[in-house]
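Subject: Structure handover

Hello,

The structure is below, followed by notes on what turned up in it. Please read the notes with the coordinates open.

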Amino acid sequence: MQLSWLYLALSAYTFLGFVVAWAARRGLGQSLTDFFLANRTLGGAVNALSYSATTYSAFMMVGLAGLTYRAGVGALGFELVYLSGLVLAAFFGPRFWLAAKLRGYVSPAEMLGDRYESRAVTVVAALASLLFLIPYTSVQLMGIAYLLQELSGGAIPYVVGVLWATFLALAWARVGGLRSVAWTDALQALVMLVSSGLVVFFVIGRGIGGFAAFFRGLEQNYPQWLTVPGPGFFQFSTFLGLSLPWFFFCLSNPQVSQRLFVPRSLLALRRMLRGFLLFGFIYTLISITWGFCARLLLPDLPNPDLATPTLLGLPVVPSALAILAMLGIVSAAISTMDSVLLTLSSMFARDIYGLLRPGISEARQLAVGKWVIPIISGAALVFSLFRLDLIAVLAVSSSAALLVLVPATVGAFIWRRGTAKGALASILVSGILVMVLQFGNLKPLGLWPGVWALISSTLLFVAVSLVTSPPKGAAAFLDSINALLAEKNVL
């Protein structure tokens, strides 16, 4: 690939991104809802594409392809578990949306604190999200840096790629808020899907000799990669440890659950989920196919996460298409980082600073939120410089820690006996436990930290709630939501 064309594409992408970000400022209000939730006015199609670009980022085309290269078809089952987890979004999504519409929530942490009538729950949930999402944010930077380094033949060093992506993410998030991020996502999601699909056809057609040769090559040369546990990576404990956080991803990760507040109507919410399901299934198949193509054509890569960037650099992929696919992956990764930055900054401004400074104006909270964005970006940048292996595993490790938020979130809508002390115990104690296990590389009974996070947080939430008093307004909270669900004929 000619460096001049690569530099030109990156320059054009940077310029157009800033144009969109500044254009989105027109009519932008000074409220937290305007900036962080696009004033709850996005339609189903834009939401579906934006939700897809936010969720499917560097993890998919770089991380999942790399995991397929390393572990085989088990990666497909692992990712399909995530799609099956959308049943949770189908059930809880309308409840989240109605609660936010009724009570004006900006963040998931604020919703939990209100349900349990506890400022401590709000602050602890927000702090847990801040702590555990930094590594996940760094995954996006790592994916972009690996991609640019490989496609440029080393002319764009890893560190330069990280710095460039960090600058764009924090600048666009701070300038335009969710509205600019969502509309940019919608366009880039289409580019991402179309360009990645075309790459598959070129690689299989020109590089491998067609789909028959593709399947025959896998069957003859890599039969283990077509079975589970395959080449030894996907033992049951490994599959469970990776898949469990993915199943609960739409509830545990606040940058995703916050998107359930955004649609302008319940109909738009349903369209968003249906569109995402279709997009996700197609994109999953493409990502898995990329990994298998790399296994056939590039069998001796030193790092599985290099599968996608090395594949795009092959002569069988036209330079223009490789650049287009590269921009799609970069856009999706920056989109995910933007969404995380917006969510975490909204939590800090609303749920931490706002509670510590009672009576502070919403304009001041928004200003604080904008200034927190560079700090969070800097923390992610530092973390990405460690260059930990297997992006997919790193992403799941972050999501595993966030599983401690699941029992309190689920209990908020289905269990009247859930208490603030139960929520606090489940998040704090289990959060400490999962960090000890994660940093100590410990797997008691062979189970990964995320499994223990969910088990311990569930047991603590139930046990402590049973011996403490539920908040006085819990029944009213649930009754109001259930009444609206019945009124709108939502199960």
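Tyr51, Phe78, Tyr82, Trp246, Phe249 and Phe276 are linked by ring pairs into a cluster. Rings of Phe, Tyr and Trp (for Trp, the six-membered ring) pair if their centres lie within 6.5 Å; planes under 30 degrees apart count as stacked, over 60 as edge-to-face and the rest as tilted.

This is a predicted model, in which local features need pLDDT of at least 70 and side-chain atom pairs count only at pLDDT 80 or more, while totals for chains, interfaces and linings use all residues. Residues are numbered from 1 along each chain as its sequence is written, and side-chain values use heavy atoms, with hydrogens and water left out.

Aromatic pairs

The structure holds 22 aromatic pairs. One of them is Phe18 with Phe167, a tilted pair at 6.0 Å centre to centre and 40 degrees between the planes. Phe18 lies in helix α1 and Phe167 in helix α9, so this pair ties together parts 149 residues apart in sequence. Helices here are DSSP runs (H or I, at least four residues), numbered from the N terminus. Phe18 is partly exposed, with a relative accessible area of 21%, and Phe167 is partly exposed at 45%.

Phe214 counts as buried, at 3% relative accessibility, whereas Phe215 counts as exposed, at 52%.

Nonpolar core

The largest nonpolar core has 176 residues, and Tyr116, Trp164, Trp290, Leu312 and Met326 have the most contacts inside it. Helix α9 (residues 158-208) gives the most to this core, with 22 residues. Such a core is a set of buried Ala, Val, Leu, Ile, Met, Phe, Trp, Tyr and Cys residues joined through side-chain atoms within 4.5 Å.

Helix packing

Helix α1 (residues 3-23) and helix α16 (residues 319-356) pack at about 40 degrees, with their axes 11 Å apart. Axes are lines fitted to C-alpha atoms over the stretch in contact, and angles run from 0 to 180 degrees between N-to-C directions. Residues in this contact include Trp5 and Tyr13 of α1 and Met326 and Ser331 of α16.

Regards

Terms used:
Helix = DSSP H or I, 4+ residues; strand = E, 2+ residues; numbered from the N terminus. Contact = heavy atoms within 4.5 Å. Buried < 20%, exposed > 50% of the residue type's maximum accessible area, 1.4 Å probe, protein only.
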